[in-house]
Amino acid sequence: MTLLRLVLADLRAGRFRSIVAAAAIAPIVFAHLVLVAVAGSLAEAPTGGGRALVIVSSNPLDPSTGRLDQVTLDRLLAAGGPGVESAAPLIFRPVKIGDTIFQLRAARLSEWEGVESLRLLDGRYPDPNADEIAVTEGVADTAGWRVGDTIEVFSTTFDVTAVVRAPGTKFASLWMDFDRADALFETGGTFQSATLQLTPDSDPEAIRLAIAAAAEGRFGVYYEDEINQLQGAGLSAASDLSVLGTAIGIAVLAFGSFNLTAVALAERSSDLGIARVLGVSRRALTLFASVRSAVLSLGGFVIGATATAVYLATRPTVTLRSFVVTPRLDWGDVALGVAVTATATLVGAWLAAWRAGARPPRELVEAR
Amino acid sequence: MVSPIVDVRGAVKTFRKGANEIHALRGVDLVMEAGEVVLVVGPSGGGKSTLLNLIGGLDRPDAGNVQVAGVDVAASSQRSLDAFRRRHLGFVFQFFNLIGSLTARDNVALALAARGVHPWATARDRASALLADLGLGARAEHRPSELSGGEQQRVAIARAIAGEPDVILADEPTGNIDTAATAGVMAMLDDLNDRLGVTLLVVTHDASLAAHADRVLEMVDGRLSPHVPR
């Protein structure tokens, strides 16, 4: 307690500098926690299943760029042969509601459960002849929408009639009947992808290769599982890399802390020397510098974490290309961040203080 | 036979600056009995402060022995010297050497905490009482920059005696304060010696302080000899 009181007294004496030092740590903590929250939500998203094929844009990480029409689809299906049992077109659109961009998907109502693997959690499926819409639980959680609420999409007011559960990258999305979306967006019968159901005795790989050949590179043909993994992995990889980057940034705080402490101690060599003259051990002084640094980094972490909480509260969803994710920050992530930050700064401060304390007390006192 | 509290035999210390050698101490002997007040006078650069540093365990001799309060200072580890300073010594410096970020009270309390007085509140209470004894009760919450030179030196003395040391080493304690404050500081040191029997080794270039000492020695060119008033 004595040590902590001395540290606090010391930090108070140089209030402005203490605040600046703590504030310098906050941005990197903020970036790290936001990215961890995004990566965490991607890791949580369940993946879909089945051996269905999906025809999408040649860039599967951004399906909104695909543009299929019925004529093209029929040609591709013909190339696939009799093994293709059915094809379910899907309209895929990022839509802005308020300040947030959501992923809107539209498929024929009859295909929501069998093809798209949606499951009704609350309410009833929308009436295709009315301005009605469904939201996934991911969206319901973050946007706070419930059955009975109304939302405006493309200047039209829709009633939310259902909350559904959706797998994989569909986890946080809005759902509409295909024809209603076609009319709303005036797509002229075009759509972004199609999910193909195959007959049980067909060879899916042969069909996939045949359709891919017919698409001539304009479209990609993937297994539904594969595309879920691809999209999820693409986003996760990008996100994980970012998290790694900021984690390294936090580790680099050790060097920052080393320099900060080294400079602070160099400026106050005489104070160190006086403490040594009073009989304060090198170990105690090192501990003092380390605790001082840890308090500063903790202050920076609190500022960064608070900023993260405010940011996530005001931006419940994050759009990564065409995908909308719902960042979630759990206490484990925060605790890990605290541990990494504290360790990094402690190591840096300890090294700097131990080195500074190696000088003979006489030299330190005379440094005044 | 009672052992001397300070026993320095044949202490040699040489500093090297590039190719130059500065012989700060050339075989110095100094024996002090407990409760004695010894004044070491002499010109700047004569080796006075170096002698004080060796006795205080702030530096090591190149040759010779330094024993203080039964501790072989020259041969002790740095950790042992930390403990030695905590238990046996108090220091008073020319430039006061108070810690600027701490109040007068906390400067004194730090010395007490280093000596093992815990919790911090107890150390602070004792520091307050000590400062009040030295007439600084009203200045306890001020930082050094808010105190006069004389007040700062009195705080430094409070800090030096806080741990009830056997020996106080004072390096030019009046070198940076005015005449009135000098009288006050010396009276305070005299009083400490009378009341507590503290051994005092004071180095100064001011020979007029000789009246406060049991013995006056002179350090010139690294050699210590009895002072002969001129």
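Visitor: In β8(B), which residue is the bridge partner of Val38(B)?

Guide: The model shown here is predicted. Strand β3 of chain B, residues 37-41, pairs with strand β8 of chain B, residues 199-204, through five bridges in the parallel sense. Within this pair, the bridge partner of Val38(B) is Leu201(B).

Visitor: What is the order of the strands in the open sheet of six strands in chain B?

Guide: The edge strands of this sheet are β6(B) and β10(B), each of which pairs on one side only. From one strand to the next, the twist averages 20°. The pairing is mixed, and the order is β6-β7-β8-β3-β9-β10.

Visitor: What angle does the direction of α1(B) make with that of β8(B)?

Guide: Helix α1(B) packs on the six-stranded sheet. The strands of chain B that the helix touches there are β3, β7, β8 and β9. With the direction of β8(B), the direction of α1(B) makes an angle of about 150°.

Visitor: Which strands are at the edges of the open sheet of four strands in chain B?

Guide: The four strands follow the order β2-β1-β4-β5, and their pairing is antiparallel. An edge strand here pairs on one side only. The two that do so are β2(B), residues 20-32, and β5(B), residues 71-72.

Visitor: Which residue in β2(B) does Asp7(B) stand opposite?

Guide: Strand β1(B), residues 6-17, pairs with β2(B) over ten bridges in the antiparallel sense. In β2(B), the residue opposite Asp7(B) is Val31(B).

Visitor: What angle does α1(B) make with β1(B)?

Guide: Helix α1(B), residues 48-55, also packs on the four-stranded sheet. There the helix touches β1, β2 and β4 of chain B. The angle between the directions of α1(B) and β1(B) is about 120°.

Visitor: Why do the buried residues of α2(B) line one face of the helix?

Guide: Helix α2(B) spans residues 78-88, and its buried residues are Leu81(B), Asp82(B), Phe84(B), Arg85(B) and His88(B). These buried residues line one face because, seen down the helix axis, they fall within an arc of 165°.

Visitor: Which helix of chain A do the buried residues of α2(B) pack against?

Guide: The buried residues of α2(B) pack against β4, β5, β6 and β7 of chain B. They also pack against an element of chain A, namely α8.

Visitor: Which helix gives the most to the side of chain A that touches chain B?

Guide: The contact takes 21 residues from chain A and 23 residues from chain B. On the chain A side, α1, α8 and α11 each supply at least two residues. By class, that side has ten nonpolar, five polar and six charged residues. The helix that gives the most, with five residues, is α1(A).

Visitor: At what angle do the axes of α9(A) and α10(A) cross?

Guide: Two packed helices are described by the angle between their axes and the distance between the axes. Helix α9(A), residues 282-314, passes α10(A), residues 331-357, in a right-handed crossing. The contact between the two has 15 nonpolar, nine polar and one charged residues. The axes come within 8 Å and cross at roughly 150°.

Visitor: Which residue in β9(A) does Val84(A) stand opposite?

Guide: Strand β9(A), residues 193-198, is joined to β1(A) by three antiparallel bridges, and in that pair Ile55(A) stands opposite Ala194(A). Strand β2(A), residues 84-97, also pairs with β9(A), in the antiparallel sense over six bridges. In β9(A), the residue opposite Val84(A) is Leu198(A).

Visitor: Is Glu172(B) partly exposed or buried?

Guide: Glu172(B) is found in the loop between β7 and α6 of chain B, and its phi is near 50°, a positive value in a residue other than glycine. A residue counts as buried if 20 or more other C-beta atoms lie within 10 Å of its own. Glu172(B) has 19 such atoms, so its class is partly exposed.

Visitor: Is the peptide bond from His118(B) to Pro119(B) cis or trans?

Guide: Pro119(B) has its place in the loop between α3 and α4 of chain B. The omega of the bond from His118(B) to Pro119(B) is near 0°, and the bond is cis.

Notes:
Residues are numbered from 1 along each chain as its sequence is written. Chains are lettered from A and ligands numbered from 1 in the order in which they are written. This is a predicted model: local features need pLDDT of at least 70, side-chain atom pairs count only at pLDDT 80 or more; totals for chains, interfaces and linings use all residues. Two residues are in contact if their C-beta atoms, placed from the backbone, lie within 7 Å. Ala, Val, Leu, Ile, Met, Phe, Trp, Tyr, Cys and Pro count as nonpolar, Asp, Glu, Lys and Arg as charged, and the others, Gly among them, as polar. Axes are lines fitted to C-alpha atoms, for helices over the stretch in contact, and angles run from 0 to 180 degrees between N-to-C directions. A crossing is left-handed if the near helix is turned anticlockwise from the far one by less than a right angle, and right-handed if clockwise. Two strands pair if DSSP finds at least two bridges between them. A residue is buried if 20 or more other C-beta atoms lie within 10 Å of its own, exposed if 12 or fewer, and partly exposed in between; C-beta atoms are placed from the backbone. The arc is that of the directions from the helix axis to the C-beta atoms.
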